[in-house]
Amino acid sequence: MRPVLLSAFTMTSCLGPGLAPVRRALREGASGLAPCRFESVELETFVGEIAGVDETRLPAGLARFDCRNNRAAELGLAQDGFAAAVASAAKRVGRERIGVFIGTSTAGILQTELAYRRRGADDGSLPADFDYRRTHNTFSAAEYVRERLGLAGPCAAISTACSSSAKAFASASRLMEAGLIDAAVVGGVDTLCLTTLYGFNSLQLLSREPCRPYDAHRDGISIGEAAAFFLLERAGGDADSIALLGAGESCDAYHMSAPHPEGLGARRAMEAALGAARLQTGDIDYVNLHGTGTPSNDASEDQAVHGLFGDSIPVNSTKGMTGHTLGAAGAVEAVVSVLAIEEGRVPGSPGTRTLDPQLRARYEIAGAPRDVRRVLSNSFGFGGSNCSLVFGRLRHAA
Amino acid sequence: MNLAARIEGIGLVGPGLADWSGARDALAGRGPFTSSPTVIPAPDALPATERRRAGKCVRLSLAAGLQAAASAGRSARDMGAVFASSTGDGENLHAICEALASDDRLLSPTRFHNSVHNAPSGYWGIATGSAHAADSLAAFDASFGAGLLEAFGRIAADPRLPVLLIAYDAPYPEPLNATRPIPDSFAVALALASPAHSDRGALVSLEGAREPPTTMDDEALEGLRRNIPAARSLPLLALLARGTPGRVVIEYLDGFPLEAQVGT
């Protein structure tokens, strides 16, 4: 594929609003995880909750979209001059030539969970103020972003569980290459809700402490929430500009909620991403793992990563900083990957203490300055949906 | 613009539309359309464990997808897949929301993994063994158009890999049905291949349109088109059923319809 320019990006998570706290966390190895106090949830686990979501207000004209998930989107879009960068691109190429592709797993399902507590006593109906389309529906976050940014091009929610927002990059790139659009806003918005907290609890996949990817004693994930956005453009930029160099996707065709034990699907996604970028494994300087911190996910991904890269390339997971932001994880970790290149630094892996001796890839717990030219980032989801992305400066494209 | 594909095969499951070959005459206007409740075939392609767990959307998408692959004379194992749906498994979601609103919030693991929008894609992979890339998209009423663009985008990016587009919707139970009424289950599947690698089936190219969407002459079919997002495909299916070249405008996003040119 032709490299796609990342001309603006931003991310809001439990680390804080915008890129500045992410840069700080990458340098200092900080974590935003804290004991779960979300809503009425009674689970002994840690979460990565965005501060200030509940206080965020949507613009008056978009009040029908009001729900926690779209408030997170609004808070995210307001950071780092992102909305202004999109407006400027819309002036250049036309608002109907900019697509919107947003990854999410649960969109505003919390709104429905809350509405089910307020059903009519007589007929069980949902309250009149409940707006299914603009809050609960999977498309709601994508539609909100499109309307908020005043765009008029193609638009879709990508919802493949935890690979959603990584795959949004691939979808947008294809339609840009086919000439349907000149630019795209891609990203992920996923926020805390009872379905995912109690759902992952039912699978016994929630860690009782901040998650510890690759640790010998890892015991599950910490759920996080985030809104992360990129503006992709076909043209422009200089040799130093950072671009998406390749994207690769695959399916496990194995099980609904467990990864392939040997990581075959994961490996095929990575190979496809390298192939699309016309790069070899030796061209990659850092792999940002999916690295959720469950015993089986990390073991499966290690088989795939070690099988492909051996132990020559630093790898780790940054989910100890942000938690697992599910449908937003691909976009969040795209931000981490790009900042690793910009800052010349492999980030650290807070939470991880003692590496699992069974895992063989070169996992680095502590962050360190390094010449990071190209990064491969993994995102894998339920249903065996895998996506790998390769980022690098244009001058390091093949 | 480079969004073109050959439609090598079609699958259809809907009210009064048992399968593509049986539905052709009614869609082409050569015979009457009689609506009757959708009958969703059993998911025989799944292993026993998954068959027990499969919800309505899994069964719908599997039936339509396999029908399209078979009529294209291809194995689904060798195809990529794009799933598009406005909703998900409504009965499963309703059960989850009821449990979460109760004093006992425990969910079953199966309920949870069936709740993801890409559950049909996951089950599809298990049933067909296809390890190729698969997408799951949602765009509310525009979901069929979104899936069409995605599938054509995949064909353009990797012309060697045929792609199945599977668009489906199923009704919610109450009380959600009142907020999002969908009259019955409907699924359509198109087996697509690059014109550079296939000369079978109608050649279809896509672009943005400026005109209002094409409607169905038959009132009942037009009712389906308007009320089920996946049935926004009906004008395209009607043109394909007639087997003649032409063009239709497919309802997509507000102010952004899609034009499909059908050649030979």
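Okay, let's start where the chains meet: 55 residues of chain B are in contact with 58 residues of chain A, contact being heavy atoms within 4.5 Å. Before I go on, this is a predicted model, where local features need pLDDT of at least 70, side-chain atom pairs count only at pLDDT 80 or more, and totals for chains, interfaces and linings use all residues. Residues are numbered from 1 along each chain as its sequence is written, chains are lettered from A and ligands numbered from 1 in the order in which they are written, and side-chain values use heavy atoms, with hydrogens and water left out.

So how much area do the two chains bury between them? About 4,600 Å², with 66% of it on carbon and sulfur atoms; buried area here is the accessible area (1.4 Å probe) that two parts lose on being put together, summed over both. On the chain B side, Arg105(B), Phe112(B) and Phe140(B) lose the most area to chain A, together 15% of what that side buries.

Now, pockets. A pocket is an open set of points on a 1 Å grid over the protein atoms alone, where a 1.4 Å probe fits, with protein on both sides within 12 Å along at least five of seven lines; lining residues have an atom within 4 Å of a point. Points are joined across faces, edges and corners, and the volume is the space filled by probe spheres set on them.

The largest pocket comes out at about 620 Å³. It has 23 lining residues, and the closest to its centre are Ala247(A), Ala276(A), Arg154(B), Ala157(B) and Asp158(B). Elements giving two or more residues to that lining are α7 (164-177), β9 (242-251) and α9 (264-277) of chain A, plus α7 (143-157) of chain B. Helices (H or I, at least four residues) and strands (E, at least two) are DSSP runs, numbered from the N terminus.

The second largest pocket holds about 350 Å³. Of its 31 lining residues, Ser257(A), Pro259(A), Asn297(A), Phe380(A) and Gly381(A) are the closest to the centre. α10(A) gives the most to this lining, with five residues.

Last stop, chain B's strand β8 (residues 256-262): six of its seven residues are buried, meaning under 20% relative accessible area (1.4 Å probe, protein chains only).

How values were computed
Buried < 20%, exposed > 50% of the residue type's maximum accessible area, 1.4 Å probe, protein only.
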